[in-house]
Amino acid sequence: MQRAVAEAMAAVRFRSPPAVFPFATSVIRDASNREQVIAQVARATGTRLRVLPGEEEARLAYAAARQWTGSETGPLLMLDIGGGTVEIASGRGAQPRSVLSLPLGARRITRDWLPGGTVPSTGRLEEVREWLGHALGTAARPAGRHSTPA
């Protein structure tokens, strides 16, 4: 990670204006040692990563998608599937009306539900689909509680 940060910062060093905002998403945000990782990256690269909250990640992804699609396209539902989280945002204008960040990223689901690097059975895939459907349905309700995989 230190190398990636150093290379990215070197690539933009001579740009004008230098509008680069280095931030970390769920892999760092959810790490038990996130402060140590951030400090280590800062020592190695001179760049201090900011931790981007999930809801802000969803808002920024929505704003980017809205910019790309244009405001005349009407309502927009944006899904950003990352490694640790899925960001969901929707709205009609330049800013989303609702944002949500859920711990349902591809890496996390694979690690928790399909460990071992083997091809899962059809039955196991159906269990994962059912659980994800329940988790998404629960998240859509304001006072919903999230369960964790078996």
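Tryptophan 113 counts as buried because its relative accessibility is 5%, where buried means under 20% relative accessible area, exposed over 50% and partly exposed in between (1.4 Å probe, protein chains only). Tryptophan 131 is likewise buried, at a relative accessible area of 12%. The model is a predicted one, in which local features need pLDDT of at least 70 and side-chain atom pairs count only at pLDDT 80 or more, while totals for chains, interfaces and linings use all residues. Residues are numbered from 1 along each chain as its sequence is written, and side-chain values use heavy atoms, with hydrogens and water left out.

These two tryptophans are worth a look together. A search of the whole structure finds 1 aromatic pair. It is formed by tryptophan 113 and tryptophan 131, whose ring centres are 5.3 Å apart and whose planes make 45°, a tilted arrangement. Rings of Phe, Tyr and Trp (its six-membered ring) pair if their centres lie within 6.5 Å, and planes under 30 degrees apart count as stacked, over 60 as edge-to-face and the rest as tilted. The pair links distant parts of the chain, with tryptophan 113 in helix H5 (residues 106–113) and tryptophan 131 in helix H6 (residues 122–140), 18 residues apart.

Stepping back to the whole fold, the protein chain has 6 helices and 5 strands. Helices (H or I, at least four residues) and strands (E, at least two) are DSSP runs, numbered from the N terminus. From that end on, the elements run α-β-α-α-β-α-β-β-β-α-α. Of the 150 residues, 29% count as buried. Among contacts (heavy atoms within 4.5 Å) between residues at least 6 apart in sequence, 45% join residues at least 24 apart.

Next comes the sheet. Here 3 strands form an open sheet in the order S3-S4-S5, with antiparallel pairing; two strands pair if DSSP finds at least two bridges between them. Strand S3 (76–81) and strand S5 (98–102) stand at the edges and have a single partner strand each, so one side of each is left without a neighbour in the sheet. From one strand to the next, the twist averages 10°; axes are lines fitted to C-alpha atoms, for helices over the stretch in contact, and angles run from 0 to 180 degrees between N-to-C directions.

S3 and S4 pair over 6 bridges, and a hairpin joins them through 4 residues. Between S4 (residues 86–91) and S5 there are 5 bridges, again in the antiparallel sense, and this hairpin has 6 residues between its strands. Alanine 89 of S4 is the bridge partner of methionine 78, and in S5 its bridge partner is valine 99. S4 is mostly covered, with 5 of its 6 residues buried.

The largest pocket has a volume of about 180 Å³. On a 1 Å grid over the protein atoms alone, a cavity is a set of points where a 1.4 Å probe fits but cannot get out, and a pocket is an open set with protein on both sides within 12 Å along at least five of seven lines; lining residues have an atom within 4 Å of a point. Grid points are joined across faces, edges and corners, and a volume is the space filled by probe spheres set on the points. Among the lining residues are Leu79, Ile81, Val86, Ile88, Ile109, Leu132 and Leu136. S3, S4, H5 and H6 are the elements that give two or more residues to this lining, and the largest share, 3 residues, comes from H5.

Elsewhere, alanine 42 is found in helix H3 (residues 34–45). Leaving aside neighbours within four places in sequence, alanine 42 is in contact with Thr47 and Arg48.
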